[in-house]
Amino acid sequence: MKCSKCGGIAVINMRQHRLRLCAEHFVAWFVAMTQRAIEEFRMFTPADRVLVAVSGGKDSLALWDVLLRLGYQAEGMYISLGIDEGIGYSATSLAMCHKFAAEHHPDATLHVVNVGLEYGQTIPDLTHTRQRGRGKPCAVCGLVKRHIMNRVARDGGFAAIATGHNLDDEVAVLMQNTLHWQTGYLARQAPVLEERDGLARKVKPLVRLYEREAAAYALVRGIDYIYDECPFAKGSTTNFHKELLNQLELSSPGAKQQFYLQFLRARDAGTIAFAETEPAQLHPCQRCGQPTTAGDLCAFCRLWE
Ligand code: Q46
Ligand code: ZN
Ligand code: ZN
């Protein structure tokens, strides 16, 4: 297999782009595709400070690497959830973030928030007290992560929070929203969520890239990452939809990309329209000051009551 650009040995064949690239040209292509999304969706500029949510996985570490290589002011943020499940998930993923910074960008800043140490209970502890250990901890976990990310972004004066969501993630959500005709979500699903009433701006610079491309990027750049996903992600609907979409992609290369990008184009051009539900009114929580739709206390503060 030869590189479409230089004739050297190709390390990846991207059928949806009819492109085979060698290691050097693939890295340049991946960085350029990220930059293209940042500009196309007006995510941020070199003058902005960006907080990158890193999990120790391939997507978020690849994103942090690309942003730093592009010269953006990108600081990492890791939230330690205290999940072990026999594989030391949180400990290993934090170690991967430190290792990445030390090996690739020793001058980079990594903010670490340890939920257990800072608030007295880990995510599994909270699930135990709140749900008597029943069900998955994902609802509590999502709430805690959103709160902490928003707090760090706001206190640190960051222009945006960048997450490593790739095209596979976004297209799986799109499929889920379409299958259930969640029109409110379909009206809002986007690579950029604007700042609103104290909720930090959120951006997804890898939206043009497939998951396998992020994995290939990490491999070619020698980025070590945690291969296991969070043990609680197993069997999720998102993973099931990702598998279905991969089968579709196999027989029809580019299907995932088309589904997502054409949805964005058609919606933004007004060809398809979804009635946007009026966003709920937000007011500051009396304890932490973060925006909430609930009563005096936000859902996060009520967790610890
Ligand atoms: S929500 Fe659930 Fe994730 Fe939290 S408990 Fe793990 S799978 S990490 S994205
Ligand atoms: Zn080449
Ligand atoms: Zn609060």
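**View 1. Four protein donors hold the zinc ion (ligand 2).** The donors are C3 (SG), C6 (SG), C22 (SG) and H25 (ND1), lying 2.0 to 2.3 Å from the zinc ion (ligand 2). Donors here are N, O and S atoms within 2.8 Å of the metal (3.2 Å for Na, K and Ca); water is not among the atoms, so sites may look incomplete. Along the chain, the donors of this ion follow the spacing C-x2-C-x15-C-x2-H. C3 lies in the segment before β1 (12–14) and C22 in the loop between β2 (19–21) and α1 (23–40), so the pair ties together parts that are 19 residues apart in sequence. Helices (H or I, at least four residues) and strands (E, at least two) are DSSP runs, numbered from the N terminus.

This is a predicted model: local features need pLDDT of at least 70, side-chain atom pairs count only at pLDDT 80 or more, and totals for chains, interfaces and linings use all residues. Residues are numbered from 1 along each chain as its sequence is written, chains are lettered from A and ligands numbered from 1 in the order in which they are written, and side-chain values use heavy atoms, with hydrogens and water left out.

**View 2. The site of the zinc ion (ligand 2) is tetrahedral.** The angles among its 4 donor atoms are 98 to 114°. Four donors count as tetrahedral if all angles lie between 85 and 135 degrees. The ideal angle for four tetrahedral donors is 109.5 degrees. C3 is buried, with a relative accessible area of 5%. C22 is buried too, at 9%. Buried means under 20% relative accessible area, exposed over 50%, partly exposed in between (1.4 Å probe, protein chains only).

**View 3. Four cysteines coordinate the zinc ion (ligand 3).** They are C285 (SG), C288 (SG), C298 (SG) and C301 (SG), at 2.3 Å. Their spacing along the chain is C-x2-C-x9-C-x2-C. C288 lies in the loop between β9 (283–284) and β10 (291–292), and C298 in the loop between β10 and α12 (299–303), so the pair ties together parts that are 10 residues apart in sequence. Is C298 buried or exposed? C298 is buried, with a relative accessible area of 4%. C288 is partly exposed, at 24%.

**View 4. Helix α2 packs against helix α9.** Helix α2 covers residues 58–69 and helix α9 residues 211–220. They pack at an angle of about 65°, with their axes 9 Å apart. Axes are lines fitted to C-alpha atoms, for helices over the stretch in contact, and angles run from 0 to 180 degrees between N-to-C directions. From α2, the contact is made by K58, D59, A62, D65, V66 and R69. From α9, E211, A214, A215, Y217 and A218 take part. Contact means heavy atoms within 4.5 Å.

**View 5. N150 sits in helix α6 (residues 138–155).** N150 is buried, with a relative accessible area of 5%. Which side chain makes a polar contact with the side chain of N150? That of Q290 does, at 3.0 Å. A polar contact is a pair of N or O atoms within 3.5 Å; within protein, one must be able to donate a hydrogen and the other to accept it, and residues adjacent in sequence count only if both atoms are side-chain atoms. Not counting residues up to four places away in sequence, N150 touches I161, G198, L199, A200, Q290 and P291.

Definitions and conventions:
Four donors count as tetrahedral if all angles lie between 85 and 135 degrees; four count as square planar and six as octahedral if opposite donors are over 155 degrees apart and all others between 65 and 115; anything else is irregular.
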